[in-house]
Amino acid sequence: MVDVTPADAIPPAEVAEMELYHPHSWWTKYVFSQDAKVIAIQYSATATAIGFVALVLSWLMRLQLGFPGTFDFITPEAYYQFITMHGMIMVIYLLTALFLGGFGNYLIPLMVGARDMVFPYVNMLSYWIYLLAVLVLVASFFAPGGPTGAGWTLYPPQAIMTGTPGGQDWGIMLMLVSLILFIIGFTMGGLNYVVTVLQGRTRGMTLMRLPLTVWGIFTATVMALLAFPALFVACVMMLFDRALGTSFFMPAIVEMGEQLQHSGGSPILFQHLFWFFGHPEVYIVALPAFGIVSDLISVHARKNIFGYRMMVWAIIGIGALSFVVWAHHMYVSGMHPYFGFFFATTTLIIAVPTAIKVYNWVLTLWRGDIHLTIPMLFALAFIVTFVNGGLTGLFLGNVVVDVPLSDTMFVVAHFHMVMGVAPIVVIFGAIYHWYPKVTGRMLDERLGQFHFWVTFLGAYLIFFPMHYIGLMGVPRRYNELTDVTVMTESAQHLNSFISIMAFIVGFAQIVFLFNLIWSIRHGREAGGNPWRATTLEWQTPQTPPAHGNFGKELPIVYRWAYDYSVPGAKEDFIPQNMPGAFGTSREPA
Amino acid sequence: MAIALVLVLIVVGSVLFHFLSPWWWTPIASNWDYIDNTIIITFWITGVVFAAVVLFMAYCVFRFRHREGNRAAYEPESKRLEWWLTVVTAAGVTALLVPGLFVWNRFVNVPSDATDVEVVGQQWQWSFRLPGKDGKLGTSDTRDVTPENPLGVIASDPNGQDDVVVEAADLHLPVGKPVKMLLRSIDVLHDFYVPEFRAKMDMIPGSVTYFWFTPTKTGTFQVLCAELCGQGHSLMHGVVMVDSQEDYLAWLGEQQTFAQLTAPEQTGSADQIPGKTIASGQEIAAELETVGSR
Amino acid sequence: MSVILVFLAVIAGFGGWWLSHQRLMAKPWLEQGVIGDLVGMEGSALPTAKIGLGVFLAVVGCLFALFTSAYFMRMELSDWQPLPIPRLLWFNTGVLVLSSVALQCASVAARKGQIDTVRLGLTTAGLTALAFLVGQLVAWRELTADGYLLTANPANSFFYLITGMHGLHILGGLVALGRTTAGAWNGARPQRLRLSVELCAMYWHFLLFVWLAIFALLAGWAATFIDICRQLLT
């Protein structure tokens, strides 16, 4: 046990003060800013903007699937371009960028009690390179031949062949260049997030006092730093194959009756590299969501997160395990079949720490004082969709069950539920939760209720029935299902229903966007700590926090992040920087 | 409050949808009902967990919703409860994994009496090759693909001469006989998938992959490509007809062998090729019939 | 993928070692007050920039480990024909070692405050690193002239790809080195200069290590070594 120093005997903060860069003009304050909070908003705004492009793309593909033959402008080429760009944008440019670049930048320094990220200049560069990557991506829409239509997995050989839209035009090149830029930019940001957590913590902020949000983002960033190089390597090698004619991934091929120059390459090699990045990527998106949702539930149920230690261990365990499960995306890829035994086992093992996290979330609700605020509602929606999507993952991870289901709509439904809907409802919950800190005003409650109900129920109605279409054997990535015999007429009606729900859910996001903009001016004044939360970001002297985050002196941390409803304490929350001991019997009865 | 009710409705609705909706897998036509059974086990275990978690959550939201003067309990952790949950989860996961691996073992080990059937994918059609009298498929190479030799069979390999080549047409299989599908592609990734057979596998240019199954029902089944292969992906259909033994032999009798297909080029040198290696499909069918009757 | 898995296992080992000193078994709800004064509970005593560089080098190491993994996987296919290693590479290796040694000297001198030696070391390191890059380019030209073209064989493709990637990293390092050298001539604060020189030296040593590893890989010794290990295991 640790000796507890009496609160009043503590000298002022001894953490070395960092030199802050002081902006001199409007440009360096709001545009080329080195303040992590401004960079966070730049990241979030860019990610949201490109995310809306991806949303529109999903509408277009749902138009085709729900009402086949009605819209002539959706040619097969266009359809494959829509699905490719939709997937790539959502996974990389929206989810990864928003969780790490957006939430990471805003929350890490505030939550660990730092004035800023440790390398602010590099942090700023990170955003501008990210923006460049997004612009290159957008440019591919206007390039001759349009963007690539290779599917977001970009499997060679088809990704760089004429039979695929953009394969022999600019599309695939711009895609690869954009990804390479994204990875460079992300690495710059990622170094900041990791080193700030390592070195920037204020006095008293031990690892076990970190909010789970920081744990989630920190672990995800470490994983991303180690996983993204695999995508980088794959992209560079594919770029060589496409632009210079090497044969890393390209075997001997007869395309439309003509022998190509390539020979001997291995398409499976690309798949290994891609999924070596691609599977950790799932958890790179999921872990920040896990962390954030833990905090949302704890704050709004006024109760400490149940099993904090187990939650931390589970985050670390999931992070480590996720590097040895990648080939479960390749059960039917033609790799050596004996790999299936190993990867099915590791994949199902990872279900155990994940399940523990779910139990701990619902056990936090047990005997809580649940305020059904909008962040709480979204957190509940997360648990439902994540449990649903996680459980269907047990189908696909179990190698032989995957055989009939892989490459069907079942897979589409599964990953949209688990890494589409689930993390995105966490993002919504987090925005409703932290918006008051960012702007000083609350988001409108009634619009929020509308947004929540339509998004949650609509998304569930989209993706739950979709599993059954996949179970029927309907393959994914088909723009034309009319000739597929397993696609019955009633299933086609179901598909139309799913499309209509997709438009409705998409519409709700426009309402949300309106709420975001409208409330900056017209929202209810929030005050510094509207949710009565304990973590440091709510204890800043100004709201929104000024440059440098905290006032003259950095806060000193005296307790963990979850002192809610402590027996004997007057209030039902004790901020982390409040000195003094409260409560006598802290062990549960 | 509404949320508690909605959570219950989600569970009830999902379960009702599962049992009452008309959308379910197509009737199986192969030996892989093992796979179907594993899926059923998985549905039961995961369904129970889903219902339990969401209903428990609904109860919590209803029972512990905020009311004036409420205060949450203080409960950092409960080691015993967490360990119990871990053990129960691990047991559930094992119950899923063990049958899965057991069936996978069956899936990857081909029975010795399975007949080879080669499937060749190309943008965007299916071709097939059956071994001839010798029961062996000749070797092949993508570099040897020409308009006359669409599958790239190596002409110098004597095993390949009597192979039956079915270019861009329907494949017929005899019912009740295990087949080993050898999968090959000459351009991009494809995936040979017949929903009724449950099995599928990617085809990779430059290598040969496989899976095996035994057709158990006669009838006509649609082949779908299940790996994105370019803009014609969704139109890459084919047909597999599972025939009775007699129908199968009748079909086989009408097919041409590799030697016959390439014969026009070889007319000049026809003398040098021993007549019997140019076996027709008819001869192979006759041969098989005698083997079958023995 | 075994190379990258071994690499990550090493990283995981470091991570695990670090985490084991962070009292992850503690029950944080029982501990109130300032416990940051316990040894090792706060950030490391090392300068933050060094930690940052360390993390970055882990990422770079990961990148090259992945290239190596891809190299070994592609090597097993039938069309692989190893290319002869130009003898110039031995010379280049010597030059790069010299560069590293010069930076190490500069780093030691910076600690002692001998600014002249620092300047000399930095300049030597910069020039030798440039010489290394030029040497690499000449080696490329020799190979091309001998008909070992980029697309002719995957072994060639990998040779150009991996050496090129390493060269780019040296080039990036030269930017930082250039700024440090400019600082050394323009009278940067000694403490700051010392840190910059140490960071450069760290990066240089790491890239030398990477070079030795990929030299062994491209020359085929790494494959032989792994074969021997495999035989010992079986």
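**Close-up views of a predicted model**

**View 1. Helix 9 of chain A, end to end.** Helix 9 of chain A covers residues 339–365, which is 27 residues. At 1.5 Å a residue, helix 9 should span 39 Å. Its end C-alpha atoms are 40 Å apart, so the two values agree. The helix is mostly covered, with 20 of its 27 residues buried. Just after helix 9, Arg367(A) takes a positive phi of about 60°.

**View 2. Where chain B touches chain A.** The contact takes 96 residues from chain A and 85 from chain B. On the chain B side, the elements giving two or more residues include helix 1 (2–20), helix 2 (33–63) and helix 3 (79–108). Strands 6 (190–193), 7 (200–203) and 9 (219–225) of chain B also belong to this group. Helix 3 of chain B gives the most, with 14 residues. By type, the chain B side divides into 49 nonpolar, 24 polar and twelve charged residues.

View 3. Gly135(C) sits in helix 4 (residues 115–145) of chain C. Why does Gly135(C) count as buried? Because 20 other C-beta atoms lie within 10 Å, and 20 or more is the cut-off. Leaving out residues up to four places away in sequence, Gly135(C) touches Leu88(C), Phe91(C), Asn92(C) and Val95(C). Leu89(C) is 46 residues from Gly135(C) in sequence, yet their C-alpha atoms are 7.6 Å apart in space.

Key
Residues numbered from 1 in each chain as written. Chains lettered and ligands numbered in written order. Predicted model: local features only at pLDDT ≥ 70, side-chain atom pairs only at ≥ 80, totals over all residues. Helix = DSSP H or I, 4+ residues; strand = E, 2+ residues; numbered from the N terminus. Expected span 1.5 Å × (residues − 1). Buried ≥ 20, exposed ≤ 12 C-beta atoms within 10 Å, placed from the backbone. Contact = placed C-beta atoms within 7 Å. Nonpolar A, V, L, I, M, F, W, Y, C, P; charged D, E, K, R; others polar.
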